[in-house]
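Colleague: I'm new to this one, could you walk me through it? Let's start with the ligand and move on from there.

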Amino acid sequence: MTGTAAARISPETRTLFDRALDREPTPRRPLWINRQAGRYLPEYRKLRERYGFKELAGSAELAAEVTLQPIRRFPLDAAIIFADIMSPLPALGIEFDFAPGPVVAEPIRSAAAVDALPEADSKSVAPEVIEAIALVRRELPAHTALLGFCGAPWTLAAYLVEGRGVKDFPRLRAFAAEQPRALERLLERLSRLMAAYLIRQGQAGVSAIQVFDSWAGLLSRASWERLVRPHLESMLHAVGEAGISRILFVNNAPHLVEAYAGLPAEGLAVDWRIDLRALQERHGDRRAVQGNIDPAILTAGPEPTRAAAESLLDQVRARGHIVNLGHGVLPNTPVESVEALVQAVHREAQ
Ligand code: CP3
């Protein structure tokens with residue numbers, strides 16, 4: 001890792017990533033990879049032999065180390081702090097485990113359960129993540145951006161009400177129909193907590209945050225507008241007021257992408273189902289776009305990866321485009337495919 005003072009972040013330094021998110025011209029497009037610290041990396045698997053995921057994410061030092069692993073191996077343009085969307089929820093007294101996805105000890109299935117959630121002091125929200133951000137900041141090269149993140153209120157509510165990730169989240173959708181007021185109160189609580197958490201991440205040293213709405217697509221547009229939108233909007237607004245740049249990631253919700261595009265965020269990230277060029281044509285004058293190679297293509301090896309990357313670079317205008325996958329990198333991805341992706345993106349500068 002570079003340790004010289006000159007290599008460290010100074011407030012004047014604006015990274016390639018930060019400039020692309022502001023839709024400024026850059027010598028090439030920036031690249032980072034959703035879930036870039038993870039099981040496809042031998043060095044991550046090695047640490048996982050000694051520590052459980054909760055131990056890794058629960059220790060600021062270990063989380064900082066894991067955050068830096070992909071940055072040491074590949075010249076990526078952003079690091080994303082190693083944590084989980086569930087990390088801030090202990091502040092609301094929520095207990096959960098991972099098996100391998102989140103499993104909530106006592107799912108929230110009544111108005112009384114929503115109203116019993118304690119008020120959280122913003123300093124008690126995932127202090128280990130805030131500390132890890134400060135540690136990573138000191139080690140990160142000046143040209144590499146640091147991203148924070150959180151789960152969108154709706155995606156967090158999905159795990160809290162359903163109890164775990166199950167196909168189509170039927171209990172969540174039933175709860176939305178039976179207890180819309182209680183769901184709204186839950187989303188409102190999550191929205192306020194996440195805004196406070198993201199603002200603390202900004203104070204600790206991230207220049208931008210990504211909001212993951214992994215389960216965005218479960219509702220009809222009309223239900224989404226009525227129940228979900230106001231809370232997501234107020235959270236994004238509060239974070240923007242604090243001077244932190246925002247990327248909104250919308251997964252598997254082609255029927256909602258136009259609605260999401262109207263929310264206050266500098267960047268819009270989408271999965272591989274969406275035509276990124278068409279999205280850029282519609283919104284590129286106000287939003288950077290991020291994405292969106294199908295992560296499964298990388299598991300097919302370096303050649304298909306290179307072809308997919310070249311086709312994406314060909315189709316999507318460079319200005320205001322941050323290259324990424326359409327969802328998290330898969331555990332069985334060969335490291336050589338990630339290298340091929342990096343090379344394809346870097347070739348643009350030559
Ligand atoms: O690159 C990074 O450092 C990313 C860190 C990160 C994790 N989770 C670590 C993690 C991020 C950004 C997340 C976000 C997250 N977590 C989302 C949103 C993004 C998405 O994938 O849609 C969601 C829905 C979750 C919930 C979650 N946590 C699931 C579904 C799982 C299990 C399956 C899986 O995708 O890995 C987790 C556990 C988890 N979170 C792991 C990691 C590295 C796996 C733990 C391990 O076995 O090593």
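Colleague: How far is a nitrogen atom of the ligand from an N or O atom in the side chain of D84?

Modeller: Bearing in mind that this is a predicted model, the distance between a ligand nitrogen and an N or O atom of the D84 side chain comes out at 2.7 Å.

Colleague: And how much of the ligand's accessible area does the protein cover?

Modeller: On its own the ligand has 870 Å² of accessible area, and the protein covers 88% of that.

Colleague: Which polar side-chain atoms lie by an oxygen atom of the ligand?

Modeller: S214 has a polar side-chain atom 2.4 Å from a ligand oxygen, and R35 has a polar side-chain atom 2.9 Å from an oxygen atom of the ligand.

Colleague: Where does the ligand sit, and which residues come nearest?

Modeller: The ligand sits in the largest pocket, and there are 21 residues around the ligand, of which Q36, Y44, D84, S214 and H327 come nearest.

Colleague: Let's take Q36 then, is it buried or exposed?

Modeller: Q36 has a relative accessible area of 1%, so it counts as buried, the cut-off for that being under 20%.

Colleague: Where in the chain is Q36, and what does it touch?

Modeller: Q36 belongs to the loop between α1 (16-21) and α2 (42-50), and, leaving out residues up to four places away in sequence, its contacts include L41, P70, I71 and V329. A polar atom of the Q36 side chain also lies 2.9 Å from the backbone nitrogen of I33.

Colleague: Switching to Q69, where is that, and is it buried or exposed?

Modeller: Q69 is placed in helix α4, which spans residues 60-73, and it counts as buried because its relative accessibility is 6%.

Colleague: What does Q69 touch?

Modeller: Not counting residues up to four places away in sequence, Q69 touches L41, E43, Y44 and L47; of these, Y44 is also among the residues that come nearest to the ligand.

Colleague: Last one, S220: where is it, and why does it count as partly exposed?

Modeller: S220 lies in the loop between β5 (208-213) and α10 (221-241), and it counts as partly exposed because its relative accessibility is 38%, which falls between the 20% and 50% cut-offs.

Methods. Residues numbered from 1 in each chain as written. Predicted model: local features only at pLDDT ≥ 70, side-chain atom pairs only at ≥ 80, totals over all residues. Heavy atoms only, no water. Helix = DSSP H or I, 4+ residues; strand = E, 2+ residues; numbered from the N terminus. Buried < 20%, exposed > 50% of the residue type's maximum accessible area, 1.4 Å probe, protein only. Near = heavy atom within 4 Å. Polar contact = N/O pair within 3.5 Å; in protein donor to acceptor, adjacent residues only side chain to side chain. Areas by Shrake-Rupley, 256 points an atom, 1.4 Å probe, with all protein chains shown as cover. 1 Å grid on protein atoms, 1.4 Å probe; cavity = no way out; pocket = protein on both sides within 12 Å on 5 of 7 lines; lining within 4 Å. Sits in = over half its atoms within 2 Å of the grid points. Contact = heavy atoms within 4.5 Å.
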